[in-house]
Amino acid sequence: MTTSDRAKYLHELRQIAATFQDDINRELTQRMEEDNKRAPQNQSKGKKEEEAKEEENYGEEVVEEEE
């Protein structure tokens, strides 16, 4: 495989990965919107703050501090 073949392959792979990521993000956004529609409209303030924290730290490991 020549250098230009590898470059072409990697370019195509990046395009496919970006398309795949866009599809996943669209699906997850749609599911999140559906979940929000089903959620009670009168959520407590604490619940909303907790969800905001979870969304902010999505994909990261959060270590809870002990009191």
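R38 and D35 join their side chains in a salt bridge, 3.4 Å from N to O (a side-chain nitrogen of Lys or Arg within 4 Å of a carboxyl oxygen of Asp or Glu). The model here is predicted, so local features need pLDDT of at least 70 and side-chain atom pairs pLDDT 80 or more, while totals for chains, interfaces and linings use all residues. Residues are numbered from 1 along each chain as its sequence is written, and side-chain values use heavy atoms, leaving out hydrogens and water.

**Around R38**
- R38 and D35 sit about one helical turn apart, because they are 3 residues apart in helix α1 (helices are DSSP runs of H or I, at least four residues, numbered from the N terminus).
- Salt bridges with shared partners tie E34, D35 and R38 into one network.
- R38 is exposed at 61% relative accessibility, while D35 is partly exposed at 43% (buried is under 20% relative accessible area, exposed over 50%, partly exposed in between, with a 1.4 Å probe and protein chains only).

**Other salt bridges**
- There are 4 salt bridges in the structure.
- D23 and R26 pair up at 3.0 Å, N to O, and they lie 3 residues apart in helix α1.

**A nonpolar patch**
- M1, Y9, L10 and L13 make a nonpolar surface patch of about 440 Å² (its residues have over 30% relative accessible area and no salt bridge, with nonpolar side chains joined within 5 Å; areas come from the Shrake-Rupley method with a 1.4 Å probe).
- L13 lies in helix α1, residues 3–38, and is partly exposed at 41%.

Key. Patches are made of residues with over 30% relative accessible area and no salt bridge: like charges are joined within 9 Å, nonpolar side chains (Val, Leu, Ile, Met, Phe, Trp, Tyr) within 5 Å. Helices (H or I, at least four residues) and strands (E, at least two) are DSSP runs, numbered from the N terminus.
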